[in-house]
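Visitor: Could you walk me through this one? I would like to start with the annotated spans and then look at some side chains.

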Amino acid sequence: MGVWFIYALLSAATAALVAIFGKIGLKDIDANSATAIRAVIMALFLLGVVAVQGKFSQLGDIVSQKRAMAFIALSGAAGAASWLFYFLALKGGKVAQVGPIDKLSVVLAVVLAYFFLGERISWINTLGVAMIALGAILVAWKA
């Protein structure tokens, strides 16, 4: 395992907090408006991180690379749509149900990576992905 694993665990932990804080914050307010405010806060926070790292000048380099910028823009649009749907789901559903279904994105990412990026997975990885899918459905199942 590398440092990526630590970052992935931190990503999971902070994503869990998004669900909890979001559910509490959505009480009696519009989910799409809340998502817009969240996006502004995230943008300001991330610009601050880039500035503190002294990498603000690199933003221009990224913008000048048309292909990279196009895919970053598509990623941003997909992320924004994901946030909209996530907050709408949290508004009407329980975190214990919305969270696991949202994590089906792991399964979809692996499948899409296989078809579009040519990433190969072993049979044990395939079994793990299938278990993630089944687990997400079973956790979200309303008994």
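Guide: In residues 101-117 the end C-alpha atoms lie 24 Å apart, and the span is 94% helix and 0% strand, where helices (H or I, at least four residues) and strands (E, at least two) are DSSP runs numbered from the N terminus. This is a predicted model, in which local features need pLDDT of at least 70 and side-chain atom pairs count only at pLDDT 80 or more, while totals for chains, interfaces and linings use all residues. Residues are numbered from 1 along each chain as its sequence is written, and side-chain values use heavy atoms, with hydrogens and water left out.

Visitor: And what about residues 6-24, how far apart are the end C-alpha atoms there?

Guide: They lie 27 Å apart, and that span is 100% helix and 0% strand.

Visitor: Switching topic, where is Arg-38 found, and is Arg-38 buried or exposed?

Guide: Arg-38 is found in helix H2 (residues 31-52). Arg-38 is buried, meaning under 20% relative accessible area with a 1.4 Å probe and protein chains only, as against over 50% for exposed and in between for partly exposed.

Visitor: Which residues is Arg-38 in contact with, beyond its neighbours in sequence?

Guide: Leaving aside neighbours within four places in sequence, Arg-38 is in contact (heavy atoms within 4.5 Å) with Val-18, Trp-83 and Phe-87.

Visitor: Which residues of helix H5 are buried?

Guide: In helix H5 (residues 95-102) they are Val-98, Gly-99 and Pro-100, and their cover includes helix H4 (66-92), helix H6 (104-117) and helix H7 (123-140).

Visitor: Last one, where does Leu-59 sit?

Guide: Leu-59 is found in helix H3 and is partly exposed, with a relative accessible area of 30%.

Conventions:
Lys, Arg positive; Asp, Glu negative; His and termini not counted. Salt bridge = Lys/Arg side-chain N within 4 Å of Asp/Glu carboxyl O.
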